[in-house]
Amino acid sequence: MTSLSRKITASLFLAIVTIVGASALSAQTHLLNVSYDPTREFYEEYNKLFAQHWKATTGEDVVINQSHGGSGKQASAVIDGLEADVVTLALAYDIDAIAQNGGLLDKDWQTKLPYNSTPYTSTIVLLVRKGNPQHIHDWDDLIRPGVKVITPNPKTSGGARWNYLAAWGYALHKSGNNEQGARDFMKKLFNNVPVLDSGARGATTTFVQRGVGDVLIAWENEALLALKEFGSDKFEIVIPSETILAEPPVAVVDKVAQRHGTEKVARAYLEYLYSPEAQDLEARYFYRPRLKQAAEKYASQFPKVNTFTVMEGCGGWQKAQAKHFSDGGTFDQIYGK
Amino acid sequence: MSGRSNVPSSAILQPTVPQRMGRVALILLALLFLGGFLILPVVAVFAQALSQGWKLYFESIRQEDVLSALRLTALVASIAVPLNVVFGIAASWAITRFDFHGKSLLITLIDIPLSVSPVVAGMMYVEVFGLHGWLGPWLQEHNLHVIFAVPGIVLATVFVTFPFVARELIPFMQAQGSDEETAAVVLGANGWSVFWRVTLPNIKWALLYGTILAASRSIGEFGAVSVVSGHIRGQTTTLPLEVEMLYNEYSFTAAFAAASLLTLAAIVTLVIKKMIEVTSGVHPVPEEEEVES
């Protein structure tokens, strides 16, 4: 019987070695794109498009694997060793965190690709139930007593930080750059939030699937996707008078790509996001393309919006983070008191 | 009451009408609760999964991502469960048959995974094997992947299921005592033959019981695995994680179809468990049974 237990031990060992070895030894080029939640559908299609393009231009096969989750959680995973060749996250702050804590890419990563390394943009809009029964037309309507607002927790969700900063920017302009006025506005707004989901997709499901709330603050691409998935006879989109330009950035994780020997294909993967074909695909998945050609083709889908950037609204992500979302920051002060 | 003095004394114990109504109400309440909180949700899983018909149900299950999640889940369970069995037997053998220093410490250690939140369990492994963890740099130098790869998922699953077999065996073996084994030793059997011929046959049902509990937990584990998985589709996604992903993609039918597989596994587990109880007389032991030394 000892030989049996020996056999069991040996086969267990073999199994573990095989598993450990399998990822290291495979011959094909593999890329891992670590992304955030709402990009699943888009990157599934884009990966096919890029694999074709890469095969046609270099003759090489490339297999792209996807990992999705909350933007901040994904950034932490990369810092802790999730071997992303490229990251495509919800906000620059999360990629900054990878550069600062992990040293896995240069601090000036955002200058390496056009348009601040954001090949596509979106904006923050309001999704309401069909017929707009609560008459919600702008940010001001969200602080009316009795209106239930759904937005995820800005401490945990990248998407929620865009939502927060969009409202903050509006409130600040409205009160003539009076910070106290903006603070009061935000306090009233978050008093109307019955549930703070931890992620943007979770908040969308709460509003759309579970039917909670009168208005969902959402990325435009999420709102358009919800209309497509659940029917435009159930919801409608309200564009506020002023909102933020959401720029989800992309970057090659230099250190990981170097170790994998995938720098070239990783860079090409991100650069191809700016190509006409990819821009067209982005627009079909409801992201606003940068290229004029695609933007014009899908103009009916993307109404004109009056936007400000994070830089204009609050002096960039580092400042916004420290001021609003750090422990004891503005959000902590206005929420739950 | 004087008019009823001729009623036999046993009837005095019969519940009065309001008492009987109270009983019925309580039973109804319990049934309602059971129906609303247990049976209805289970039925809902299958109803949702089949809401678009059988064809789409099977198509959802046959998706490459779901199949690979299923394979990974099976692989993880097939590594975690045998390890659990070996460890469980060794630990309960040591604890119930021998006296040694630190025995109560060992018993406490075995229970740790039950009291630690699975999320914390996952984070402990990130802390040890992560890039900035204690072993991370060394692992990276040797191009070994633990965290955000299959070995990490196996480790996390082994951790959360570790107490299951031991917890079943220890009280059972204590109740049995070591008389038969002592007799075997007196008759000249060596250690191995005592184990294979006396101990193992005696504990087989309790062992099987614990194994099934461990298997069912390792198939269903979400929290710890979620932390160490990295969520790479088709590679490090187990079935419970795949269910969440599909749900987040608005693929509700596919999500519930995958969930129905997990539910089926749970139901099969329950049936086997019940069969063991009936055929062997082994019953679940109370969680907090005292271990005597």
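Reply: Helices (H or I, at least four residues) and strands (E, at least two) are DSSP runs, numbered from the N terminus. Here, Pro289(A) lies in strand β10 of chain A, residues 288–289. This is a predicted model: local features need pLDDT of at least 70, side-chain atom pairs count only at pLDDT 80 or more, and totals for chains, interfaces and linings use all residues. Residues are numbered from 1 along each chain as its sequence is written, while chains are lettered from A and ligands numbered from 1 in the order in which they are written.

Me: Is Pro289(A) buried or exposed?

Reply: A residue is buried if 20 or more other C-beta atoms lie within 10 Å of its own, exposed if 12 or fewer, and partly exposed in between; C-beta atoms are placed from the backbone. Pro289(A) is buried because 25 other C-beta atoms lie within 10 Å.

Me: Which residues does Pro289(A) touch?

Reply: Contact requires C-beta atoms, placed from the backbone, within 7 Å. Not counting residues up to four places away in sequence, Pro289(A) touches Tyr120(A), Gln279(A), Glu282(A), Ala283(A), Ala294(A) and Ala295(A).

Me: How do I read a sheet?

Reply: Strands of a sheet pair through backbone hydrogen bonds, either parallel or antiparallel. Two strands count as paired if DSSP finds at least two bridges between them. In chain A, an open sheet of 4 strands has the order β2-β1-β3-β9, with mixed pairing. Its edge strands are β2 (62–69) and β9 (250–252), each pairing on one side only.

Me: How many bridges join β3(A) to β9(A)?

Reply: There are 3, and the two strands run antiparallel. Val86(A) stands opposite Val252(A) in β9(A).

Me: Which helix packs on the sheet?

Reply: Axes are lines fitted to C-alpha atoms, for helices over the stretch in contact, and angles run from 0 to 180 degrees between N-to-C directions. Helix α2 (40–58) of chain A touches β1 (29–36) and β2, and makes about 165 degrees with β2(A) in direction.

Me: What about the interface?

Reply: 26 residues of chain A are in contact with 26 residues of chain B. On the chain A side, α1(A) gives the largest share, 8 residues.

Note on methods: Two residues are in contact if their C-beta atoms, placed from the backbone, lie within 7 Å.
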